[in-house]
Amino acid sequence: MRWPRTLASRLALIFFTGLVLAYGLSFSLQLYERYISSRSMMLSNLEQDVVTSVAILDRLPAEERAAWLPRLQRHNYRYLLNSGTSGQVMPTEDPPMAAESIVKAIGQRYHLTFQEIPGPAPHFQAHLQLADGAPLTIDVTPAGVPVARWLPIVLLIQLAVLLGCTWLAVRLAIRPLTRLAQAVDNLDPDKPGPLLDESGPREVRYAALAFNALQARIAAYLKERMQLLAAISHDLQTPITRMKLRVEVMDEGLEKDKLWSDLTAMEHLVREGVAYARSMDSGTEAPCRVKLDAFLDSLVFDYQDSGAKVERLGAADITLQTRPHALRRVLVNLVDNALKFAGAAQLEVEHAGTRTLIRVLDEGPGIPPTELDDVLKPFYRVEGSRNRSTGGTGLGLAIAHQLTQAMGGRLTLSNRKTGGLCAEIELK
């Protein structure tokens with residue numbers, strides 16, 4: 001037997017099985033007690049009825065006895081004024097309880113013989129002779145204890161009630177754990193989720209308080225790290241600027257060019273660090289409605305005016321509720337990335353149902369499949385065609401990913417079948 005996979009089904013199975021076993025045991029004990037009581041009452045009634053009936057038939061004239069037989073007949077036994085049906089002699093060991101009751105009732109006054117009568121409904125007959133020598137046969141068909149017709153229906157209703165109570169109890173017990181699991185699964189350091197409800201039983205309240213405190217500590221820790229990164233990056237701009245001024249007054253030569261190149265790279269890295277730190281607070285921008293086609297056309301025209309090979313594909317013809325400055329920064333980072341490694345970029349838009357897809361396509365070298373997720377991490381750079389010699393800082397895609405999440409969207413990277421990279425932004 002294999003256990004169910006979910007905790008709810010396991011608890012439900014344990015509770016329901018335990019309740020059914022306990023209920024079945026209780027029902028069996030009650031049914032057995034009823035069986036014993038009913039059997040004792042039936043046997044007692046049989047003894048009294050046989051004594052009375054045989055006494056009446058023994059005292060009646062022979063010609064009046066037949067008229068009394070229907071009055072003395074019962075549901076599972078009757079009286080015959082003959083020798084009955086021939087059958088097999090009943091063994092003396094383990095006789096039916098009805099036979100013992102008949103012996104107990106009239107065995108001292110009459111000589112009794114018992115025979116078993118085979119057939120579709122096996123029964124037995126007790127033979128005796130009345131005072132005038134006339135034969136009398138008691139034909140007995142043993143029957144079980146009668147069961148009310150409504151009893152199985154009541155049993156099924158009670159089992160249904162047990163099943164419903166089990167389901168309700170498991171649901172109430174599992175629901176807080178399910179909410180906690182969903183909250184942990186949706187825990188995003190870059191975008192803190194709503195606080196858990198801190199009401200309910202003591203254990204549930206304690207777990208919710210602990211989770212909310214954990215979420216607050218993570219958010220505070222990350223905010224402190226980002227503030228530290230922003231402060232260091234900002235403070236480095238001043239000494240870099242002073243060093244560039246000093247390099248400018250140096251004599252022309254190879255050393256001056258190398259220093260100037262290094263300082264320019266440092267300055268670019270510092271600016272990207274500040275931009276990444278500020279992307280953590282991008283949620284402060286108020287959302288507004290923008291015409292997506294006009295917004296994308298404006299971006300493409302700006303690139304084309306500067307001589308960049310950027311073209312627009314597709315049309316959405318929708319009004320999008322978004323943060324325009326954050327969205328523009330995301331697209332600029334992606335388009336710049338495509339221009340850097342492929343020399344050209346295509347901006348494609350598609351609207352399907354409730355989703356809006358914006359793709360930035362290029363025909364560059366692409367990214368190894370095993371590193372598509374890693375390049376979205378800060379300061380990660382792909383070795384090979386996209387390495388440090390290109391001048392990248394490893395923050396462009398990280399900033400785009402951070403800003404997309406802040407807008408409630410998703411950024412995914414994939415290699416195109418025809419070659420190149422596809423950066424897809426999904427907004428809802």
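Before I come to the helices, let me say that axes here are lines fitted to C-alpha atoms, for helices over the stretch in contact, and that angles run from 0 to 180 degrees between N-to-C directions. What you see is a predicted model, in which local features need pLDDT of at least 70 and side-chain atom pairs count only at pLDDT 80 or more, while totals for chains, interfaces and linings use all residues. Residues are numbered from 1 along each chain as its sequence is written, and side-chain values use heavy atoms, with hydrogens and water left out.

The protein has nine helices and twelve strands, taken as DSSP runs numbered from the N terminus, with helices being H or I of at least four residues and strands E of at least two. Its radius of gyration, taken over C-alpha atoms, is 47 Å, well over the 22 Å that the globule rule (2.2 Å times the number of residues to the power 0.38) gives for 428 residues, so the protein is more spread out than a compact globule. Along the principal axes, the C-alpha trace spans about 155 × 45 × 40 Å.

Now to one helix pair: α1, residues 7-59, packs with α3, residues 97-106, at an angle of about 40 degrees, and their axes are 9 Å apart. The two are therefore oblique to each other, the class left over once angles under 35 degrees count as roughly parallel, over 145 as roughly antiparallel and 65 to 115 as roughly perpendicular.

Which residues in α1 meet α3? With contact meaning heavy atoms within 4.5 Å, they are Y35, R39, L43, L46, E47, V50, V51 and V54, and they meet M97, A98, S101, I102, K104, A105 and I106 in α3.
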